[in-house]
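Please read the points alongside the sequence and the structure.

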Amino acid sequence: MSEHKTTEMLQEEAAKFWQDLEAKRAGGASLTPKDRTSVPPQEMPSRDPIQRAHEMGEVALGYTETQARVEAERCIQCGGAPCKKGCPVGVPIPEFIACIQKGDFKAAVDTIKQTNLLPAICGRVCPQEKQCQSFCTVGKMMKSPEKAVAIGRLERYVADWERANNKITVPTPAPETGKKVAVIGSGPAGLTVAADTRRAGHSVTVFEAFHKTGGVMVYGIPEFRLPKEIVSKEVENLKKMGVEFKTSFLVGRTETLEQLLDREGFDAAFIGTGAGLPKFLGIEGENLIGVFSANEYLTRANLMKAYDREHADTPLYDAKRVAVFGGGNVAMDGARMALRLGAEKVYCVYRRTRAEMPARAEEVAHAIEEGVDFHFLENPTKFIGDEKGKLIGVELLNYELGEPDASGRRKPVAIPGTEHVLDIDAAVVALGNESNPLMKQTTPDLEVNKRGNIIVDENQKTNIPRVWAGGDIVLGAATVILAMGEGRRAAASINEYLAGK
Amino acid sequence: MHKILEKRQLSYDKERDQSVYYFKVEAPEIARNRKAGQFIIFQIDDTWGERVPLTIADANAEEGWIAIVFQTVGASTRKFAAKFNVGDNVPVIVGPLGRPTHIEKKDGLVLCVGGGIGIAPLHPIVQANHEIGNKVVTIIGARTKELLFFEDEMKAASDELIVVTDDGTYGRKAVVTEPLKEICEKEKVSEIVSIGPAIMMKFCVAAARPFGVPITTSLNTIMIDGTGMCDCCRVSVGGETKFVCVDGPEFDGYKVDFDNMMQRMTAFKDKEREADHKCRIGLDAGKVSA
């Protein structure tokens, strides 16, 4: 592990690069692509790993202005905008970076918001290295995707700049149409639909089952990765636009979808209820005390704020040795949360290797820096409990990588006879989610596939008239940006339908 | 917001310093859509409060209220009872949650068995069976006389009511399984519904087994979201993992692994004791300053 660089150190480095660039531009000369690509990618400043591993504060601190200006100059404006094709919502990336190059941060963020309403969130949680940045020409020229222009960090910078400087402009909705839209779920898909349909002048009500709005961004993604203040600011902006929020309202039970449409007079409804039904390993001992789904573990800590032992009524399970199972973002969140909740030793057990991990590269790097102990090519066979039914260990089996499977990743193959026990007192299972069955249970006519995901057409329309769906309830567990993309499509279709009514 | 319309203390357990309270609260949507067997989750604070599941004990759709009955066993329920009065608002109530009880016309009688705080959730099931015309025999039991409640309500909705106490201070001196067995021996029982502490439900299942009478039990596990998302309420039913919040709360008693359920319910016991202790100090201090 390389030495941790403080913000000041990174700022100093950036200032030097900026001076060099200014020198090259002296006398009105323009920068050549070589000038631009000779600058290395600017590192994201972060808090000291040893200290931050025990605190809930945000880990990645965001670029300084100089860093943002230097990083933006690394974009050569290659012309074809391949990066844009890698973005699920087609953010005009070269255009917003050009605004930063000119020093106009407000224009930059407004450019992003043409297609992405939540840049402060996406800049933090999008898997950029798998999307826009993987197509970046600079990365290709440097023969290393890690050297691509740091598009996500720039997106975050301008969005944070706008919020910090109170420059957020709330769009003025079109004149009232008198039409009512019900949005079910206040996660990324739902918030996007709410914004887009409200802009068109419809009356919009968002129904949320929890007592707080934001969905997975609030109960799932931890504070240290996505401060809740940012999510609540986005909700505030929607309220300013006139969107109404009803919390602790579980559509399907408090009122059914049918009642909303027929009795409450909603003209259209969007289902964005997410993928909330945790998958389990299906092995012996899974119901022992101390075995948690990542959903429970993270919800206690995030939404119920159990990490604040002084104030919160919701208890935490004290554990000194915690093992997290899985290799995605949720597994990283669980492992890093365990450290923050006081675990002395945290393992992450994943049956493939680091190269195959679905988690965002930055989260894996952060987890390693913070001291999470990765056990690659291992998988549990059973949980072991004491006489009181409390977890005391897990039996693991070693694996090796075989032929590629349907997902294109090399399939892990068990090595018989390699069973060994890891002593742990809590286990966090982060193997993903299946779709929550509640909407289907309470809306029998709604068509879903074998996995319980709602079936939609190319406009996100379900088989029920006036009902659209999108996000994880359609996609299975995916990402914030994909959910938003679906929300945009659905909102466009809803607006078109209501305009013709 | 849900305004408290009525508050009553139903019982007080001196030995354990625990009370049972009845709260009638405004909740028009829930009152309209709830069915027997369903529950709600409440919070006394929408930032720091714990989410506590409670079965709906009664409701009135026209008047737009539901009734909840709870025992002051932990910090949240203790604060709820001590700090909330008629006219106050409960910040969070979400529901109705869970699958409703399957109520159908039966040939034989329906035997409803409620123990302790389990008497409250049993009440709507007794009512619903009574309303559709089933013959209902209800057994309610508690450790001692002071802990019994809803005797009149149960009597009104049952063809016969049997009251038992462990110590014989009221009704018959017996545990609920004794009259359960006697009735199964002499009458045609189509279904037993048993709600109470896990250990009581486990013994009811054992008592019913020789007669082969179907027995439904309603489980009261720890929950957070109550919508199937967190899974902390999971139980083993017939060897499969089920979620009490969305698959239940009622399950075939013969299939429930009560031993595992009872173990899992102890997961946060130390914490609860700690919090309860802290809370009582806080409440006492409140009394002194008031």
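1. Helices (H or I, at least four residues) and strands (E, at least two) are DSSP runs, numbered from the N terminus. A cis peptide bond also joins Gly248(B) and Pro249(B), where omega is about 10°. Pro249(B) sits in the loop between α7 (244–247) and β16 (250–252) of chain B.

2. On the basis of the note: this is a predicted model, in which local features need pLDDT of at least 70 and side-chain atom pairs count only at pLDDT 80 or more, while totals for chains, interfaces and linings use all residues. Residues are numbered from 1 along each chain as its sequence is written, chains are lettered from A and ligands numbered from 1 in the order in which they are written, and side-chain values use heavy atoms, with hydrogens and water left out.

3. Two lysines of chain A deserve attention for their backbone. Most residues other than glycine have a negative phi, and most peptide bonds are trans. Lys143(A), in the loop between α9 (137–141) and α10 of chain A, has a positive phi near 55°. Lys305(A), in the loop between α15 and β7 (321–325) of chain A, likewise has a positive phi, near 55°. Lys143(A) counts as exposed at 75% relative accessibility, whereas Lys305(A) is buried at 19% relative accessible area. Here buried means under 20% relative accessible area, exposed over 50%, and partly exposed in between (1.4 Å probe, protein chains only).

4. Helix α13 (residues 228–240) of chain A has 13 residues and spans 18 Å from its first C-alpha to its last, close to the 18 Å expected at 1.5 Å a residue; the expected span is 1.5 Å times one less than the number of residues. Its buried residues include Ile230(A), Val231(A) and Leu238(A), and also Lys228(A) and Glu234(A). The buried residues of α13(A) pack against α8 (119–125), α10 (151–164), α11 (188–199), α12 (216–219) and β3 (244–246) of chain A. Gly242(A), which follows α13(A), has a positive phi near 105°.

5. In helix α17 (residues 361–370) of chain A, the buried residues include Val364(A), His366(A) and Ala367(A). Their cover includes α3 (49–52), α8, α10, α16 (329–340) and β9 (373–376) of chain A. Just after α17(A), Gly371(A) takes a positive phi of about 105°.

6. How much area is buried between chain B and chain A? The figure is about 3,900 Å², of which carbon and sulfur atoms give 52%; buried area is the accessible area (1.4 Å probe) that two parts lose on being put together, summed over both. In chain B, Trp48(B), Met229(B) and Phe268(B) lose the most area to chain A, together 20% of what that side buries. The contact (heavy atoms within 4.5 Å) takes 46 residues from chain B and 48 residues from chain A.

7. Thr247(A) lies in the loop between β3 and α14 (257–262) of chain A and is partly exposed, with a relative accessible area of 37%. Leaving aside neighbours within four places in sequence, Thr247(A) is in contact with Glu208(A), Phe210(A), His211(A) and Thr213(A).
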